[in-house]
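Colleague: I've got a model open and I'd like to learn how you read one, feature by feature. Can you walk me through it?

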Amino acid sequence: MPYHMRRIVLVAVLTAVAVPAAAQEPIVDGFRGHPWGSRVEDIPELAGNEQVGEREGLRIYSTEARLLGRQALAGYYFHPDTGELVEGAYVMVMPLESCQTIWDLLSRDIQRTYPGLERQGELPSRRNAPRPVYESDCEYFVYNYHREEWRMGFGNPEPPYDEVRMWIRVNERTPRLHVEYRGERAEPR
């Protein structure tokens, strides 16, 4: 092969190796209108609030919030070294008779807000249970939570793998909705 052809091939190979794949922009880019990377002092609703706890090294601050028109608690999770917002979460007690409606509304809202996220997971259903016994699949779960999980995720299949996760925990037959928003800087789980 002539020298000038070898040079063209070598330049083409080096160019292909040296150019990294373009990183995708995050789909979930913040929590409650605050972008990932915000600091505690950047978030007015946290002004004057003390840290309420820690989870896996992340500093947690919280405030009361509204979710689907209902009272909820909003938790903001900050990286211990950088002080940047990396996750956010809601916790809300749901009346048993409306837990299915609330779950469905929130699921649709997440899919509408973040159309690039892929739904992950299936929920338990009362498939073989007598229909008149349980008003909804959510009620079926509340009475059978010790056997099954009620959990669903909406994830970005590409880097940065940001996501929204939802689940229900039951405390004395009262469902508690948990919704977690995770950004690109959150620790992988």
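**Reading the model, feature by feature**

Modeller: Let's start with charges: R55, E87, E163, R165, E180 and R182 are linked in a network of salt bridges. Keep in mind that this is a predicted model.

Colleague: How many salt bridges does a search of the whole structure find?

Modeller: The search finds 9 of them. One is between the side chains of R55 and E180, at 3.3 Å from N to O. R55 belongs to strand 3 and E180 to strand 10, so this pair ties together parts that are 125 residues apart in sequence.

Colleague: Is E180 buried or exposed?

Modeller: Relative accessible area is the number to look at, with buried meaning under 20%. E180 has 2%, so the residue is buried.

Colleague: And what about the salt bridge of E163 and R165?

Modeller: Their side chains meet at 2.8 Å, N to O. E163 is buried, since its relative accessible area is 13%, and R165 is buried too, at 18%. Now take E149 and R151, which form a salt bridge with their closest N and O atoms 3.6 Å apart. E149 has 57% relative accessibility and so counts as exposed, while R151, at 34%, is partly exposed.

Colleague: Let's step back to the overall layout. How many helices and strands does the protein have?

Modeller: There are 3 helices and 10 strands. Along the sequence they follow the pattern α-β-β-β-β-β-β-α-β-α-β-β-β.

Colleague: What can I read about burial and contacts for the whole protein?

Modeller: Of the 189 residues, 41% are buried. The accessible surface is about 11300 Å², and carbon and sulfur atoms own 51% of that. For contacts, look at sequence separation: among those with a separation of 6 or more, 54% are between residues 24 or more positions apart.

Colleague: How do I read the strand pairing?

Modeller: Check the direction and the number of bridges, then find which residues face each other. Strand 3 and strand 4 run antiparallel and are joined by 3 bridges.

Colleague: What should I look for in the hairpins?

Modeller: Look at the backbone angles in the turn. The hairpin of strand 3 and strand 4 has 2 residues between the strands, and E56 takes a positive phi near 50°. The hairpin of strand 4 and strand 5 also has 2 residues between its strands, and there L68 takes a positive phi near 55°.

Colleague: Is strand 4 mostly covered or mostly open?

Modeller: Mostly covered, with 7 of its 10 residues buried.

Colleague: Now the nonpolar core. Which residues touch the most other members of the largest one?

Modeller: This core has 38 residues, and the ones touching the most other members are Y90, I110, I168, L177, V179 and Y181. The elements that give two or more residues to this core are strand 4 (58-67), strand 5 (70-78), strand 6 (85-93), helix 2 (99-113), helix 3 (137-144), strand 8 (150-155), strand 9 (163-171) and strand 10 (174-182). Helix 2 gives the most, with 5 residues. Apart from this core lies another, of 5 residues, including L58, Y77, V86 and A89.

Colleague: Where is W36 placed?

Modeller: W36 is in the loop between strand 2 (34-35) and strand 3 (53-55). At 13% relative accessibility, W36 counts as buried. A polar atom of the W36 side chain lies 2.7 Å from the backbone oxygen of V28. The C-alpha atoms of W36 and E84 are separated by 7.0 Å, with the two residues 48 apart along the chain.

Key:
Residues numbered from 1 in each chain as written. Predicted model: local features only at pLDDT ≥ 70, side-chain atom pairs only at ≥ 80, totals over all residues. Heavy atoms only, no water. Core = buried A, V, L, I, M, F, W, Y, C linked by side-chain atoms within 4.5 Å. Buried < 20%, exposed > 50% of the residue type's maximum accessible area, 1.4 Å probe, protein only. Helix = DSSP H or I, 4+ residues; strand = E, 2+ residues; numbered from the N terminus. Polar contact = N/O pair within 3.5 Å; in protein donor to acceptor, adjacent residues only side chain to side chain. Contact = heavy atoms within 4.5 Å. Areas by Shrake-Rupley, 256 points an atom, 1.4 Å probe, with all protein chains shown as cover. Salt bridge = Lys/Arg side-chain N within 4 Å of Asp/Glu carboxyl O. Pairing = 2+ DSSP bridges.
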